Amino acid sequence: MEKEAKTTVVSLGFIKGGVGKTNIAILLAKYCAAAGKRVVLADSDLNNSLSFYFLNKEMMERTRKLNLAAALSDEGNDLSSFAVPTDTPGVDLIASTPYLADMRTLSEKRLKRLVPGLYGKYDILIIDCHPTYDNIVLNTFHAADYIITPVLKDLFSYNAAMFMSEVLPRDVEDLKSWYVLINGYNRRYEEARSGRQSDFIDLYRKGGFPLTPVETWLPWTAQIHLVVDYHKRLTCMKDAPGAVYNPALYHAIAELAGCFFEGALEAPGVF
Ligand SMILES: Nc1ncnc2c1ncn2[C@@H]1O[C@H](COP(=O)(O)OP(=O)(O)O)[C@@H](O)[C@H]1O
Ligand SMILES: [Mg+2]
């Protein structure tokens, strides 16, 4: 019998908030789905932002029973049965719930043990973490094939990344792929040898952080609000009506998505 295809697990996690985890989870999910991949998101942030983005009131009602805390509550659960369809074709979601806060004694390996329930049904699980470092975050890290930590070009991000580089090898058994992704990269300053951008990138490089490829670094752009807050589509094509034209943002997300799949992804142009 043919073995079921595995689901690649990506956790967007960082002890620091406000660095773009949720925005990146949204864009990445939409891109992968538009490229034909079967996507399931997990919202492990008590803030619920990802769930609010993807679910309407009716769908939200279903998440009273079907949510991440319920899924994690029993070792025998089928994780896929806790995902609800969203209004984005190809994207399902395992929603957050305040009850995640009651799971402080949950084994750090529970989610990892449940992930095979997604095999054959989803190509990728993208997890949005809350900005802390606890057993829920560690559950996602243990389950992850890739841990992606978005950082800003500021000292607080740098210090927090330093903290992560110390604790991750200690806390995550078999730590495979942890990467730091720069959010707020301006290609115009690429050649400048001095200035804030190169100072911080030097700092991250000298700190020995495993950076994602430069092509995946997101530009800082107010247009991200149009895409995320106003649910507009993003495009790299000048003549796509109604969509937000931002090739730099589009290509960063496309390149990031490409890191998680073998073989080239079919670029959707608009997503
Ligand atoms: N590349 C970007 N350009 C402009 N604004 C951004 C970018 N990334 C994130 N932001 C903004 O920063 C804020 C925090 O982003 P968010 O995704 O909620 O971070 P986190 O989930 O890490 O707390 C939001 O207001 C978001 O719109
Ligand atoms: Mg967030």
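Is Leu 79 buried or exposed, and at what relative accessibility? Leu 79 counts as buried, because its relative accessibility is 0%; buried means under 20% relative accessible area, exposed over 50%, and partly exposed in between, with a 1.4 Å probe and protein chains only.

This is a predicted model, in which local features need pLDDT of at least 70 and side-chain atom pairs count only at pLDDT 80 or more, while totals for chains, interfaces and linings use all residues. Residues are numbered from 1 along each chain as its sequence is written, chains are lettered from A and ligands numbered from 1 in the order in which they are written, and side-chain values use heavy atoms, with hydrogens and water left out.

**Leu 79**

Leu 79 lies in the loop between α4 (68-72) and β3 (84-85). Helices (H or I, at least four residues) and strands (E, at least two) are DSSP runs, numbered from the N terminus. Leaving aside residues up to four places away in sequence, Leu 79 touches Ala 71, Ile 94, Leu 111, Leu 114, Val 115 and Leu 118. Contact here means heavy atoms within 4.5 Å.

**The nonpolar core**

The largest nonpolar core has 98 residues, and Tyr 31, Phe 54, Ile 126, Phe 141 and Tyr 204 touch the most other members. Helix α1 gives the most to this core, with nine residues. Such a core is a set of buried Ala, Val, Leu, Ile, Met, Phe, Trp, Tyr and Cys residues joined through side-chain atoms within 4.5 Å. In soluble globular proteins, nonpolar side chains tend to be buried together.

**Aromatic rings**

The whole structure holds 11 aromatic pairs. In one of them, the ring centres of Tyr 158 and Phe 209 are 5.7 Å apart and the planes stand at 85 degrees, so the pair is edge-to-face. Rings of Phe, Tyr and Trp (its six-membered ring) pair if their centres lie within 6.5 Å; planes under 30 degrees apart count as stacked, over 60 as edge-to-face and the rest as tilted. Tyr 158 belongs to helix α7 (residues 155-171) and Phe 209 to the loop between α8 (196-206) and α9 (223-228), 51 residues apart. Ring pairs link Tyr 158, Trp 178, Tyr 204 and Phe 209 into a cluster.

| Residue | Relative accessible area |
|---|---|
| Tyr 158 | 12% |
| Phe 209 | 7% |

Tyr 204 also touches both Tyr 158 and Phe 209, among other residues including Val 151 and Ile 182.
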